[in-house]
Amino acid sequence: MATTSRSLYRTLRLRSFSTSTKPSHHNSHQQNHQYTDPNSFIGCWEAPKDPKEAEAKLAQLRRDYAKQVKEVRKEYIQEVELMRLEKLRKDEARKEALRLQNEERKRLKAEAAKVRAQQREVAEQEFRQTLLKERAEKLENWKMKEKMREEKKKEKNELLRRQSSLWINEPELEKKILEAIVDTTPL
């Protein structure tokens, strides 16, 4: 029971919103409609006494009406042709605007791609410079280490050459060893 009262309330509430004082499109169209002038054919017939005269008058009315219809049709065809031409012109203008937009977008895209390519090239150039610098530093470091090894080798050889001039003969060596042992033993 509660759900039906809720749905009834909701329906009533929706109806209250749907009825508005604002005129609808249809009502507005009816108020703004411009009616054509009354036709001269309506109410112009007065029955003559002679049937032949009535027939001739009726034929004349039909011819006049046919001429007017023909003129209206010509005007209508001209209006339709003008509308078609206007629509074609608008379509062409729209297509041209779209084409220009596409060209502009492609141009901007190409410019952005050029900028990105230049940035990428600058970054690659910087990367190459950094690599060359690191390689040069490594080469310099390696040369320095090689030089230090050579110097150490020379110093070692020089020390060995100096020490070799101080070498002792074998008989004196035994004597020196004996002296060293005696000097180091505690008494």
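**Salt bridges and surface patches of a helical chain**

In the predicted model, Arg 94 forms a salt bridge with Asp 91, with 4.0 Å between the closest N and O atoms. A salt bridge is defined here as a side-chain nitrogen of Lys or Arg within 4 Å of a carboxyl oxygen of Asp or Glu. Both Arg 94 and Asp 91 belong to helix H3, where they stand three residues apart, about one turn of the helix. Arg 94 is partly exposed because its relative accessible area is 47%, and Asp 91 is likewise partly exposed, at 22%. Lys 87, Asp 91 and Arg 94 are linked in a network of salt bridges.

Residues are numbered from 1 along each chain as its sequence is written, and side-chain values use heavy atoms, with hydrogens and water left out. Because the model is predicted, local features need pLDDT of at least 70 and side-chain atom pairs count only at pLDDT 80 or more, whereas totals for chains, interfaces and linings use all residues.

The chain contains four helices and zero strands; helices (H or I, at least four residues) and strands (E, at least two) are DSSP runs, numbered from the N terminus. The mean pLDDT, the predictor's confidence in each residue from 0 to 100, is 83 for the chain, and 74% of the residues reach 70 or more. Among the elements, helix H1 (residues 2-18) has the lowest mean pLDDT (57) and H3 the highest (93). Where pLDDT is low, the predicted coordinates should not be read in detail. Of the 187 residues, 1% count as buried.

Ten salt bridges were found in the whole structure. In one of them, the side chains of Glu 111 and Arg 107 meet at 2.5 Å, N to O; these residues are four apart in helix H3, so about one helical turn separates them. A salt bridge also joins Arg 128 and Glu 124 (3.9 Å, N to O).

Two surface patches were also identified. Patches consist of residues with over 30% relative accessible area and no salt bridge, like charges being joined within 9 Å and nonpolar side chains (Val, Leu, Ile, Met, Phe, Trp, Tyr) within 5 Å. Tyr 76, Ile 77 and Val 80 make a nonpolar patch of about 310 Å², and Ile 77, in helix H3, is exposed at 56%. Arg 105, Lys 106, Lys 109, Arg 116 and Arg 120 form a positive patch; Lys and Arg count as positive and Asp and Glu as negative, while His and the chain ends are not counted.

Technical notes
Accessible areas come from the Shrake-Rupley method with a 1.4 Å probe; for residues, only the protein chains shown count as cover. The place of a charge is taken as NZ of Lys, CZ of Arg, CG of Asp or CD of Glu. Buried means under 20% relative accessible area, exposed over 50%, partly exposed in between (1.4 Å probe, protein chains only).
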